There are 2 protein chains.
Amino acid sequence: MRIYKMETLKIIKIGGNIIDNEQVLDDFLKQFSLIKGLKILVHGGGKLATQLAEKTGVRVNMVDGRRITNLETLDIITMVYAGKINKNIVAKLQAFHCNAIGFTGADGNSIISTKRPVKEIDFGFVGDVEKVNTKTLQILLEHKVTPVFCAITHDNNGQLLNTNADTIASELAIGFAKDFKTELYYCFEKNGVLKDINDDFSVIENINLENYQKLIDTKVISDGMLPKLNNCFHAIKNNVEKICIGKPEMLFKQKIKCTTIKQ
Amino acid sequence: MRIYKMETLKIIKIGGNIIDNEQVLDDFLKQFSLIKGLKILVHGGGKLATQLAEKTGVRVNMVDGRRITNLETLDIITMVYAGKINKNIVAKLQAFHCNAIGFTGADGNSIISTKRPVKEIDFGFVGDVEKVNTKTLQILLEHKVTPVFCAITHDNNGQLLNTNADTIASELAIGFAKDFKTELYYCFEKNGVLKDINDDFSVIENINLENYQKLIDTKVISDGMLPKLNNCFHAIKNNVEKICIGKPEMLFKQKIKCTTIKQ
């Protein structure tokens, strides 16, 4: 077996703002395909799943602002994420000479999760990641194949499960940290974590465990950014070398500001 | 590079009659996972795509009994075939300890096709297979991974294309014939090619080029069976070692009658 540790693996997560706009997605994928070295793409879902649910009369069930994944919703997510979005991304990457293969966690048994236990809320078919199997993925990476993950895992007992795409990205980065120098990039519509949410130039360029607590205490970081950053620190504590949050340009251009998370 | 020629690769195609019934599919996949040696599964679509088209108000456009694949229909096929059906099959195979990965022709750039030229009929986004790239698949097979193909290919220019599942199976068998002893199994609801379509015991056990023409001339073989058998003879002429048509049981049990195609 080769020793990889000095080789870098970039794990790049893109969200709905890139997926929902065909031109933006095309431009991103063109740039992504030019990134040298080992890479994995993880994509979220965007608005398409909600649109298909509306068209087919599947009721979107929300509790405390969080989506409940019943069997019908799981079917829609599987069709949209693993079918339409994932396969169109793979086809486009091939056109840009990036040899991609689409993955859920079931493919290659790569991400096993547990159906979230029912406490106050029954989230339905939602999976919390239990284990990342890097073996099959590593063989593909070694042969210059780029895995493209959608936000679906499985319980290794035949059941697909809806899983947060940010978490899939960080768990992959952690899972590969024993083999590679892993870097995690969260691409979204802002320049990074902002001091003032209305000012895209107020990027906090470095966050570490020390100033993180202060940022929480002073309520600079709150709401949606909290779980994302908790994901990041979980990854940093588990040997992920570098994490960046910002616009996709941070990947392709020098001197673009973004937020870097360090221990 | 290893010399494979003496190793056997089984390519097994299942159709709608297996996919549409969850219990039948489960039983099949359980048996399939027990098949020793190298194998690839190819699945058709079943009734689910038509059901989703109806639910979402996409009109199924037929010309001369053949489905026209416009962009909306292609989306539905991609969602149902590559999403729901393919990923559920992969998850179930993993539960049966068969390490599967779902494929369209875009994944691993494995099957490149050309959009069918418009003559009398514009079939829309339908692809005729041009080339099978065995490279990435072969690496996976070598590591005991089982590829599971749905009936979608791509043009290597970013466009997914709807492609006949029987053809995908035969083209894969032909593509791999240089590396393996390839065997092709078409599973459907009958015991094989029948002398009398209403008598499931009237199986024609052997068809070769010689009696094939006679069977066509005497109209024993006609309609839907003709393109299937043309596919078979195309494969036999291109070094596929063995082709069987019949019920899935032909794979798992001795002494089950089926039709075998030989040169």
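In this predicted model, strand 4, strand 7 (127-132), helix 6 (165-176) and helix 8 (225-237) of chain A each supply at least two residues of the lining of the second largest pocket. Helices (H or I, at least four residues) and strands (E, at least two) are DSSP runs, numbered from the N terminus. On a 1 Å grid over the protein atoms alone, a pocket is an open set of points with protein on both sides within 12 Å along at least five of seven lines, whereas a cavity is a set of points where a 1.4 Å probe fits but cannot get out; lining residues have an atom within 4 Å of a point. Helix 8 of chain A gives the most to this lining, with five residues. In total, 31 residues line the second largest pocket, and R66(A), T163(A), N164(A), A165(A) and D166(A) lie nearest its centre. Eight of the lining residues are nonpolar, 16 are polar and seven are charged. Ala, Val, Leu, Ile, Met, Phe, Trp, Tyr, Cys and Pro count as nonpolar, Asp, Glu, Lys and Arg as charged, and the others, Gly among them, as polar. The space in the second largest pocket is about 1200 Å³, a volume being the space filled by probe spheres set on grid points that are joined across faces, edges and corners.

The largest pocket holds about 1600 Å³ of space. Its lining comprises 47 residues, of which K13(B), N164(B), D166(B), G224(B) and K228(B) are the closest to its centre. Among the elements of chain B that each supply at least two lining residues are helix 1 (16-19), helix 4 (71-95) and helix 6 (165-176). Helix 8 of chain B gives the most, with five residues. By class, this lining has 17 nonpolar, 18 polar and twelve charged residues.

For chain A, an unreviewed UniProt entry lists G45(A), G46(A), R67(A) and N162(A) under "binding site"; such annotations may be inferred rather than shown by experiment, and the positions follow the numbering used here, with feature names shortened. These residues are spread over 118 residues of sequence, but they cluster in space, with a largest C-alpha distance of 14.0 Å. From this set, R67(A) belongs to the lining of the largest cavity.

R67(A) lies in strand 4 (residues 66-68) of chain A and is partly exposed, with a relative accessible area of 26%. Buried means under 20% relative accessible area, exposed over 50%, and partly exposed in between (1.4 Å probe, protein chains only). Beyond its neighbours within four places in sequence, R67(A) is in contact (heavy atoms within 4.5 Å) with residues including T50(A), T73(A) and F123(A). T73(A) is part of helix 4 (residues 71-95) of chain A and is buried, at 7% relative accessibility.

N162(A) is located in strand 10 (residues 160-162) of chain A and is buried, with a relative accessible area of 13%. Its side chain makes a polar contact with the side chain of T69(A) at 3.0 Å. A polar contact is a pair of N or O atoms within 3.5 Å; within protein, one must be able to donate a hydrogen and the other to accept it, and residues adjacent in sequence count only if both atoms are side-chain atoms.

Residues are numbered from 1 along each chain as its sequence is written, and chains are lettered from A and ligands numbered from 1 in the order in which they are written. Local features need pLDDT of at least 70 and side-chain atom pairs count only at pLDDT 80 or more, while totals for chains, interfaces and linings use all residues; side-chain values use heavy atoms, with hydrogens and water left out.
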